Amino acid sequence: MSICIFDRKTDNRCTFIIEINYQVNYENALMQMDVPLEYQDDDFSCTPVCMSMVLKCIKNRFASGFPDLTLDAISKALRTSADEGGTTFPNIQNINELFKRTSPSLEIIPQFGCKFEEIIEEIKVKERPVIAWVLMSDPIAPYAHSIVITDVDEHKLIIYCNDPVYGRVEIPTRQFIEMWNGCSRILIKFRIGEKVTLFDFP
Amino acid sequence: MTSLSTKERVRAYAMCHYGNLFSTDDPVFDQKERVWRAHLQSNYPRLIKNDQPEERFIRVLPLKGLGTICLNENLQFLKDNSTTREESVSLIHAYLNMWREQVENIIVTSSSLQLANTHPARTFLHPANMILASFRQKRDSIITQEELEKLQRRHQKIDRWVSLLVDLKLITRKDKGYTYGEKFVQIEETIKNHSEFEIKSMAYILEKSYPLLKEIFHIQQFEPLIHLDSCYYRPALEAEQVLYQTSGSLFKRFVADYTYKPDTELRHLLLELQKSDALVHKEPYYYANEKSFSKMLELKNQAPSIGLPCA
């Protein structure tokens, strides 16, 4: 089992360290949800990229009306921009405009002040990935970041996630909760088929 | 730059329609949509009651991100584009809960050494203590997987305790089991006897993992102790000064902020806080442990502001 310390050098002064255990990732690959990994290409698109990863993962669960979405379309719906400081919490729900015709229904619900057990419920009970906002440490100043949680090991106390900057990573649950606390315990949940719509009737 | 009258009118509107606790930041004109937008915020007043000297005063808690207020070019309110009053009020409640949780984390981090010395902490941290004590007894011992399975039958969640201790580097994986870790050695170097080791290692676990312990280990026995401690330190942190409180004031706040508990139970918890020096007692008042309190103030100033971030 090899533990690799991953050093991100944003510039010569700062080093950000995340412990990534690639071996465990490989061993747990079958347990984790198959969420395709995507990377962000700019400074501020972490939330749209996370959204894109989850939407690609759940796409096959819809019989009809699921739109073909580009990252640009998602970013536009979320009103993500450098001017806005990335993605704002109130703008997240705007993305639901894109899913009015899906069958079964899809609602994307941003919530803050969530409990850890809600993550367990999304992942283990509902078998859906969930997006969390976390406060990343940085030698200059901490910053808010978006990640997709793909699995939780409740015994080893590890969170598996797709990070649009660092790739597939695992974070000790203790550390994750600290980072999540720093970002108001925000979760973006994906509710499928919980609302009856006209498009459910052919 | 906006004209003073626009700013004033938006603020007056916010105050009249949302409530006197609300104000806004400077409105910005959206050229594309031809509307004025301002973010709702509040300098939320917290009433502080001190028992010695007997005084009441207000300190504000700045709350940002309470919604958006939108007006057209003629400064008429656009209801559909604005956050409703109900939404904004519910955001205030949610932020106050977040603040309460933030304070509890600050308290545990700053007074972990005192809190580790209480009976409820010893009780719930017993599985961790038991694992660490085995390396204190016999330095070269290894806790094997079979041994852990036996322990698991007697102590639920032992696997989680092991994972946590590994994460905290108090123990480490070795061969087919676990042995002491580098943090274990570091703590040992600073102590004179085993009871000091116990307190310091428990304090370290509390300091680094309280939110996790609360959510994953469900520490019902320990939480009321923190809640009562918080009934003293939350107002003190809001006031940014040492307050003097009677047990009656603390119990009243406990029931208002948390849940009903009989005075006998609360008195027992208060005695634990007093014995461990988490709170100092000089009849009839309870007041802050100054060293812990200055750490709390430092952490309060470093904590992210209450509100919703952008990502």
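Modeller: Happy to! Let's start with A:Leu157, which is found in the loop between β5 (143–153) and β6 (158–163) of chain A. Helices (H or I, at least four residues) and strands (E, at least two) are DSSP runs, numbered from the N terminus. Residues are numbered from 1 along each chain as its sequence is written, while chains are lettered from A and ligands numbered from 1 in the order in which they are written. Please keep in mind that this is a predicted model: local features need pLDDT of at least 70, side-chain atom pairs count only at pLDDT 80 or more, and totals for chains, interfaces and linings use all residues.

Most residues other than glycine have a negative phi, and most peptide bonds are trans. A:Leu157, though not a glycine, has a positive phi near 55°. A:Leu157 counts as buried because it has 25 C-beta neighbours inside 10 Å; the cut-offs are 20 or more other C-beta atoms within 10 Å for buried, 12 or fewer for exposed, and partly exposed in between, with C-beta atoms placed from the backbone.

A:Arg185 also has a positive phi, near 50°, and lies in the loop between α6 (173–181) and β8 (187–192) of chain A. With 22 C-beta neighbours inside 10 Å, A:Arg185 counts as buried.

Now for chain B and its cis bonds. The peptide bond from B:Gln52 to B:Pro53 is cis, with omega near -5°, and B:Pro53 is found in the loop between β3 (35–51) and β4 (54–63) of chain B. Another cis bond joins B:Glu283 and B:Pro284, with omega about -5°; B:Pro284 is found in the loop between β10 and β11 of chain B.

What do the strands beside that loop do? β10(B) and β11 (residues 285–288) of chain B pair in the antiparallel sense over 4 bridges, where pairing requires that DSSP finds at least two bridges between the strands. B:Lys282 stands opposite B:Tyr285 in β11(B). These strands belong to an open sheet of 3 antiparallel strands in the order β9-β11-β10 (chain B). β9 (245–246) and β10 (279–282) of chain B stand at the edges with a single partner strand each, so one side of each has no neighbour in the sheet.
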